[in-house]
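Dear colleague,

I am handing over the structure we spoke about, and below it you will find what came out of a first look. Please read the notes with the structure open beside them.

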Amino acid sequence: MKEDRAREAKALKFVAVLGLVCLLMMVFPFYSIANRAEPFVMGLPFSMFWVVLWIVIEFVGFIAAYNWEYRGR
């Protein structure tokens, strides 16, 4: 029981930090790193690719946190 609560707490901290990092990378001032139209990546302007990249990273991170929290149940 204690192990489950500890695992849930760690997963929650991971999700919170991941969500905050992904949010910060998509808003000013960190977005200015990628605020340009060229180069094109997979047919997308770099700024759009940047946003899509961080959304995918967040999605994969949330799936990893879910699997980490509910592993072994």
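**Contacts and aromatic residues**

Leaving aside residues up to four places away in sequence, S47 touches Y31, A34, N35 and R36. Please bear in mind that this is a predicted model. S47 itself is found in helix α2, which covers residues 46-69, and with a relative accessible area of 16% S47 counts as buried, because the cut-off for that word is under 20%.

The aromatic residues of the helix deserve a careful look as well. The count of aromatic pairs comes to five. One of them joins F46 and W50, whose rings are tilted, with 6.2 Å from centre to centre and 45° between the planes. F46 and W50 are four residues apart in helix α2, and they are therefore separated by about one helical turn.

W50 also takes part in an aromatic pair with W54, and this one is edge-to-face, at 6.0 Å centre to centre and with 65° between the planes. Here too the two residues, W50 and W54, lie in helix α2, four residues apart, which is about one turn of the helix.

Conventions:
Residues numbered from 1 in each chain as written. Predicted model: local features only at pLDDT ≥ 70, side-chain atom pairs only at ≥ 80, totals over all residues. Heavy atoms only, no water. Buried < 20%, exposed > 50% of the residue type's maximum accessible area, 1.4 Å probe, protein only. Contact = heavy atoms within 4.5 Å. Phe/Tyr/Trp six-rings, centres within 6.5 Å; stacked < 30°, edge-to-face > 60°.
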